[in-house]
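Subject: Structure for your review

Dear colleague,

Please find below the structure that I am handing over to you. My findings follow it.

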Amino acid sequence: MRIRQAPPRRPTERRRWPRSRRTTVVIGIAAVAVATVAAFLVADGDSGAGGPRPLTTDEASRLAITRFRNHQAQGRAVTITVPGAAGGLTVTGSVDYRRKVGYGVVHGTGRVKSSDGLIQWTPTSVHVRPMTDAPAHAPTSPPRSGWYDRPPLSSGSALDTSLSIALGLGGDRPDNAELLPQNGAAWRGREQLDGRWVDVMTGPSSPDRSGTAGNVRYWIGSDGTMYRVRVSVGSQPEPVVIDFDTHKYVPVRPVPGTTSNR
């Protein structure tokens with residue numbers, strides 16, 4: 001008896017889609033992936049997305065050390081934008097947070113252009129040197145003559161208020177991270193500032209003035225470094241804005257004839 005051997009079986013073939021259908025499926029998957037990434041970026045870049053809300057423990061810790069970071073660095077390059085109904089002022093310079101002294105050049109717009117010149121300030125004094133053609137950046141060594149001294153104005157001067165705020169953004173010790181959320185500090189969102197992602201947070205109420213939480217807004221990096229501060233000042237139409245690292249930091253040298261705080 002002959003036994004006929006069955007032909008070998010072919011491997012089970014996978015179901016094949018027509019070429020056009022496969023292409024449609026691949027494009028559809030890619031489109032979903034792109035849409036997902038785009039949605040994440042839009043949500044992450046919106047400073048108001050999910051905020052305001054109470055600070056997390058990590059956020060409170062970073063807000064608590066941000067002024068101390070400036071003190072650790074000794075000094076930071078700053079650009080201070082001062083609002084004004086008759087025209088704004090811009091101070092471009094450096095602040096030494098250990099000696100509590102700032103130095104820079106003032107440029108005005110509108111009717112306050114007459115304020116152009118060099119300026120150096122401490123908590124107790126303001127030294128001004130008017131210039132008709134002020135440079136973009138203050139000279140490394142302050143000129144030896146042409147300076148006028150005056151005490152800082154505690155009210156009625158948006159410039160002096162802004163200078164005082166800039167000096168106050170450094171501290172020789174961290175703030176109390178536990179008290180910040182209790183006194184109204186909050187997280188507002190995330191933004192991209194000069195190519196880096198930062199958290200936007202509002203500060204707590206002032207110890208001597210309740211209900212002032214949110215008047216100061218901070219842009220803080222992942223290590224607690226301060227990159228921008230925005231402060232509402234009195235009756236000014238716009239807030240004071242202080243940007244850090246806008247140019248190279250130059251150590252502050254005292255105006256000739258004045259006493260160094262070192």
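I begin with helix H3, which is mostly covered, with eight of its ten residues buried. The buried positions in H3 are Ala158, Leu159, Asp160, Ser162, Leu163, Ile165, Ala166 and Leu167. Please bear in mind throughout that this is a predicted model.

For orientation, the chain contains four helices and twelve strands. Of its 262 residues, 35% are buried. Among the contacts in the chain with a separation of 6 or more, 54% are between residues 24 or more positions apart.

The nonpolar cores

The largest nonpolar core has 35 residues, and Ile80, Trp121 and Ile242 have the most contacts inside it. Two or more residues of this core come from each of several elements, including helix H2 (57–73), strand E2 (75–82), strand E3 (89–96), strand E5 (117–121) and helix H3 (158–167). Strands E10 (216–220), E11 (226–231) and E12 (240–244) are also among these elements. H3 supplies the largest share of the core, namely six residues. In soluble globular proteins, nonpolar side chains tend to be buried together.

Which residues does isoleucine 80 touch, leaving aside those up to four places away in sequence? They are Leu89, Thr90, Val91, Trp121, Ser162, Leu163, Ala166, Val240, Val241 and Ile242. There is also a second, separate core of eight residues, with Tyr103, Ala134, Trp147 and Val252 among them.

The sheet

Twelve strands form an open sheet with antiparallel pairing, in the order E1-E8-E9-E10-E11-E12-E2-E3-E4-E5-E6-E7. Strand E1 (53–54) and strand E7 (148–150) stand at the edges; each has a single partner strand, so one side of each is left without a neighbour in the sheet. Strands of a sheet pair through backbone hydrogen bonds, either parallel or antiparallel.

E3 pairs with E2 in the antiparallel sense over eight bridges. Within this pairing, threonine 79 has threonine 92 of E3 as its bridge partner, and arginine 76 has valine 95 of E3. E2 and E3 form a hairpin with six residues between them, and glycine 87 in the turn has a positive phi of about 140°.

E3 also pairs with strand E4 (residues 101–108), again in the antiparallel sense and over eight bridges. Here leucine 89 stands opposite glycine 108 in E4. The hairpin of E3 and E4 has four residues between the strands, and lysine 100 takes a positive phi near 60° in it.

Strand E9 (residues 196–202) pairs with E10 in the antiparallel sense over four bridges. The bridge partner of methionine 201 in E10 is tyrosine 218. E10 is joined to E11 by five bridges, and these two strands run antiparallel. In that pairing, the partner of tryptophan 219 is arginine 228 in E11. Five residues lie between the strands in the hairpin of E10 and E11, where glycine 224 takes a positive phi near 90°.

Not counting residues up to four places away in sequence, tyrosine 218 touches Leu63, Leu169, Asp199, Val200, Met201, Gly203, Met226, Arg228 and Val229. Tyrosine 218 and threonine 202 are 16 residues apart in sequence, and their C-alpha atoms are 6.1 Å apart in space.

Finally, I draw your attention to the second largest pocket, which has a volume of about 180 Å³. It is lined by 13 residues, and those nearest its centre are Thr122, Pro123, Pro152, Asp160 and Ser164. By class, the lining comprises seven nonpolar, four polar and two charged residues. Which element gives the largest share of the lining of this pocket? It is H3, with five residues.

Yours sincerely,
Your colleague

Notes: Residues are numbered from 1 along each chain as its sequence is written. This is a predicted model: local features need pLDDT of at least 70, side-chain atom pairs count only at pLDDT 80 or more; totals for chains, interfaces and linings use all residues. Side-chain values use heavy atoms; hydrogens and water are left out. A nonpolar core is a set of buried Ala, Val, Leu, Ile, Met, Phe, Trp, Tyr and Cys residues joined through side-chain atoms within 4.5 Å. Buried means under 20% relative accessible area, exposed over 50%, partly exposed in between (1.4 Å probe, protein chains only). Contact means heavy atoms within 4.5 Å. On a 1 Å grid over the protein atoms alone, a cavity is a set of points where a 1.4 Å probe fits but cannot get out, and a pocket is an open set with protein on both sides within 12 Å along at least five of seven lines; lining residues have an atom within 4 Å of a point. Grid points are joined across faces, edges and corners, and a volume is the space filled by probe spheres set on the points. Ala, Val, Leu, Ile, Met, Phe, Trp, Tyr, Cys and Pro count as nonpolar, Asp, Glu, Lys and Arg as charged, and the others, Gly among them, as polar. Two strands pair if DSSP finds at least two bridges between them.
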